[in-house]
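Work through the following exercises with the sequence and the structure side by side, and try each task before reading its solution.

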Amino acid sequence: MNAAGPVRAVVPVGAGPSSGAPGTGSGSSLWQRVDRADLARALCVAAAAVAASVLVAVGVPTVVVAVFSVAALVAGCWPILTEAWEDIRGRRMSMELSMLIAIAAAALIGEWVTALLITAFVLAAEILEDLSMDRGRDALTDLMAFLPAAVQVREGERAREIPLDDVRPGMVVSVAPGGRIPVDGRVLAGSTEVDQSRITGESLPVAAGVGDTVLAGSIALSGALEIRVDRAGEDSSYGQIIATVREAQASQAPVQRLADRLATWLVLIALAAAALTFLLTRDARSSISVVIVAGACGIAAGTPLAILASIARAARSGAFVKDGTHMEQLARVDTVMIDKTGTLTEGQARVVAARPAGRSRSDLLGLAASAEWHSEHPFGQAILRAARDAGAPTTPPDSSDYRPGLGITAMIDGAAVAVGNERLVPVPPAVPAGWGAPSFPETPQEGTTQVHVSVDGGYAGSIDLADRVRDGAAAAIADLRGMGLRVVMLTGDSQAVARHVAAAVGVDEVRAELLPDQKHSAIEAERAAGHSVAMVGDGVNDAPSLARADVGIAVGSGTDIARESSDVVLVSSDLRDLVETFRIARRARRIVMANFIGTLAVDALGMALAALGWLGPVAAALVHVGSESAFILNSARLIPPRAQAPREPSRPR
């Protein structure tokens, strides 16, 4: 009957599967999960109710029945009594306290069998509630207990086993066939098919070989791997999910606080209605029935269960929501504002043309790459790759200044080099005579982005870059629009490029050539107009907008600052995971609202019938327990199915 509070126990990142006693592990059966003391108490009270009814039927003296029943009630009501006492000390009105009052009232008027039956029903309901809440928490702690506690680290020709917590970036770890991948990193040797279902929700295995990135929490199905560690522990994708779990378990969404307040008011209303019923009818049985029938545990316990289960389900689908508040807010979103580069596109830009002016192609690429030496932007990374591939001379800049939404300026061997869009590097209307002919087509290709380069204020040429639209982006946008969501694309890129990508993915509303503060202002304007806005992005310049939106959503391939500024992270960067997260959030809201409305309707009708004398105490208890169980089980529908842990690979002797 008690609403489940935040979960305090936390499993370390490197903890392996539970090896505790039966009934405590997340993989234990339903029977093993039942608290034996609670079950024995409920069965004893039920048996006492049967015995009391037999004693009454055979004419045993009332005092004997009373003594027997009081002993059974004290033993059976002890958990209810302790919880009610804590509520009294905390000046809280709870369902435990109201049920204790009803049980005591039934006993005072000599309804011993009724008091015992009510107690048995309440204890049975608590067992069901605990089982449901355990499953909700297990859906989260299953994630936490998945990584191996120790890993094999290769050092030259030797290998040794160390705790996962001691693994650091740059180390090389070995994973046997069938083993769990403990870190985020790049494959140095070996190939396999990887099961990433726990991280991305993708049910089909993905091929991974030398140079590919693999994620912690994945399973190497068919081959051995050697992986150079990029991120380990709580910095890994899986570690971030665990950190999210901890926050989710310790937090309380606004709808949970509303559920607690509503539960308190329902108890107070039931007690007031019972007092009024007694004043009008002088019927103690009817008054007791009014208190018994009013059940608020369906919302007080069902609401946190729905929130926990929805966060776990989203994590299984490739997205981790950092707090129950954000899951609740996702369900209210009506406008999705989405960045282009790295979000709708892959963010793996490539140089498709270099158009130098007055210098060689190699010099142009070398200057641009030197300026972009420290850049995390996809275009900067693409220019660096193109310069390396072309063998262009590059050198680290003496200093550099990133200009969000414009580009970058740098001092290179005493020259002031600027690389960016036309607002940073003006482009002359025509190429002056005597300048070198471009080494690629003179006119930009459709759908490419132009990055311009200047040296000491003079135009030095342009570089054209192209980026592929993400697989599944068009289908995801269509699904979002099919859900009634308005989708707006925001980008600092040119109108021509923005329109080209928008047409490819099916976005109608486009706002292009925006600086970061203009993206921020666009979100502010939508919120001021009454819209609930989700911002989806990946870059450093998206961080302010992610933080300002009602819900900030970062794609997993984005920068660290974008992930830290966001409320939701798509681990695989697959926009179909975004669609599924919206669906889960909306489903959770529907379930919570159904529980709210159902509880109010059942309580109102039940109290009216009880006040009229049409619902006796035992029938009222059945209605109370039945409705509470139905609403808790309704929330439990959100709990994702348990994933099977892989079989541990055998180690060489």
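**Exercise 1. Find the residue that stands opposite Val 172 in strand 9, and place the strands concerned.**

Solution. Val 172 stands opposite Arg 228 of strand 9, where strands are DSSP runs of E with at least two residues and helices are runs of H or I with at least four, both numbered from the N terminus. Strand 9 covers residues 225-231 and pairs with strand 3 in the antiparallel sense over 4 bridges; pairing requires that DSSP finds at least two bridges between two strands. Strand 3, residues 172-175, also pairs antiparallel with strand 1, residues 150-155, over 3 bridges, and there Val 153 faces Val 173.

Before going on, note that this is a predicted model, in which local features need pLDDT of at least 70 and side-chain atom pairs count only at pLDDT 80 or more, while totals for chains, interfaces and linings use all residues. Residues are numbered from 1 along each chain as its sequence is written, and side-chain values use heavy atoms, with hydrogens and water left out.

**Exercise 2. Describe how helix 9 packs against helix 21.**

Solution. Helix 9 (residues 284-293) and helix 21 (residues 575-611) pack at about 170°, with their axes 8 Å apart; the axes are lines fitted to C-alpha atoms over the stretch in contact, and angles run from 0 to 180 degrees between N-to-C directions. Helix 9 is therefore roughly antiparallel to helix 21, a description used for angles over 145 degrees. Helix 9 contributes Ser 286, Ser 289, Val 290 and Val 293, and helix 21 contributes Asp 603, Gly 606, Met 607, Ala 610 and Ala 611, contact meaning heavy atoms within 4.5 Å.

**Exercise 3. Decide whether helix 14 is largely enclosed or largely open.**

Solution. Of the 11 residues of helix 14 (residues 361-371), 8 are buried, so this helix is largely enclosed by the rest of the structure; buried means under 20% relative accessible area with a 1.4 Å probe, counting protein chains only. Among the buried residues are Leu 364, Leu 365 and Gly 366, and the elements that the buried residues pack against include helix 15 (378-390) and strand 12 (350-356).

Conventions:
Parallel < 35°, antiparallel > 145°, perpendicular 65-115°, else oblique. Buried < 20%, exposed > 50% of the residue type's maximum accessible area, 1.4 Å probe, protein only.
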